[in-house]
Amino acid sequence: MEVILRYFPELTHEQMQQFKQLEELYREWNAKINVVSRKDIDELYIRHVLHSLGIAKVMRFQPGARVLDVGTGGGFPGIPLAILHPETHFYLVDSIAKKLKVVQGVADAIGLQNIKVSHSRVEAIDERFDFIVSRAVTTMPKFVKWIKGKIEKDQNHDLKNGILYLKGGDLTEELKVYQTAQIYELSDFFIEDFFETKKVVHLPLKYKG
């Protein structure tokens, strides 16, 4: 928990309490439904919570913004981002129903009001969002196909509407067709070794009516 406060010292008391409860809740849920590996559960705040919040180091979401988290798994990056942005609306989707049971259980336990969860394939969602976030669920070309036509027209942020993608390793080949993609190194924001090769990719996408 201290690691979150080190990088986000402006948290309210309520946000601190919500972040603080995550470890115990994920340990309890993980005993029933495995959503975090055993190795990672001991490093939950660095490998999952802080990693998710890397997106917030690149850009803060505005109140009223709509964000879709594709392949949320156990609720990452959606739950940490929703705690940090209580006035932003988050829609967390995954094709595996039992994982969403964990997500809803955690959200209910910490009183998170600004998320909606859905057992769905992303292609089936007929809504538009300011940003679409995810943690390396597939390659960027495939991901772009999945979320086609889901970007909101109005621009209200410093970065253009589009994808904010958490990914690691060398992305040169994967991103070579996307001239507008911007890569942010998480090691510029966080000193922990885990972030050495981790990145946030911002890919602006045009609204298609």
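Here is a short tour of this predicted model, stop by stop.

**Stop 1: the main core.** Start by selecting Ile4, Leu22, Tyr26, Phe61 and Leu164, the residues with the most contacts inside the largest nonpolar core, which has 52 residues.

Next, zoom in on Leu164. Among its contacts beyond four places in sequence are Ile55, Phe61, Phe131, Val200 and His202.

**Stop 2: the other core.** Select Leu68, Ile147, Tyr165 and Tyr178. They belong to a second, separate core of 20 residues.

**Stop 3: Thr88.** Head for the loop between α5 (78-84) and β2 (89-94), where you'll find Thr88. Is Thr88 buried or exposed? Its relative accessible area is 1%, so Thr88 is buried. Show its side chain: a polar atom there lies 3.0 Å from the backbone oxygen of Gln62. Thr88 also touches Phe61, Pro63 and Asn114, among others.

**Stop 4: the aromatic cluster.** Pick Tyr7, Phe190, Phe194 and Phe195, which ring pairs link into a cluster. Tyr7 sits in helix α1 and Phe190 in the loop between β6 (182-185) and β7 (198-204), 183 residues apart. Their ring centres are 4.8 Å apart with planes at 65 degrees, so this pair is edge-to-face. Both residues are buried. Phe194 and Phe195 are edge-to-face too, with centres 5.1 Å apart and planes at 80 degrees.

**Last stop: charges over rings.** Then jump to Trp29: the charged end of Lys32 sits over its ring, 4.4 Å from the centre.

Conventions
Residues numbered from 1 in each chain as written. Predicted model: local features only at pLDDT ≥ 70, side-chain atom pairs only at ≥ 80, totals over all residues. Heavy atoms only, no water. Helix = DSSP H or I, 4+ residues; strand = E, 2+ residues; numbered from the N terminus. Buried < 20%, exposed > 50% of the residue type's maximum accessible area, 1.4 Å probe, protein only. Polar contact = N/O pair within 3.5 Å; in protein donor to acceptor, adjacent residues only side chain to side chain. Contact = heavy atoms within 4.5 Å. Core = buried A, V, L, I, M, F, W, Y, C linked by side-chain atoms within 4.5 Å. Phe/Tyr/Trp six-rings, centres within 6.5 Å; stacked < 30°, edge-to-face > 60°. Lys NZ or Arg CZ within 6 Å of the ring centre and 35° of its normal.
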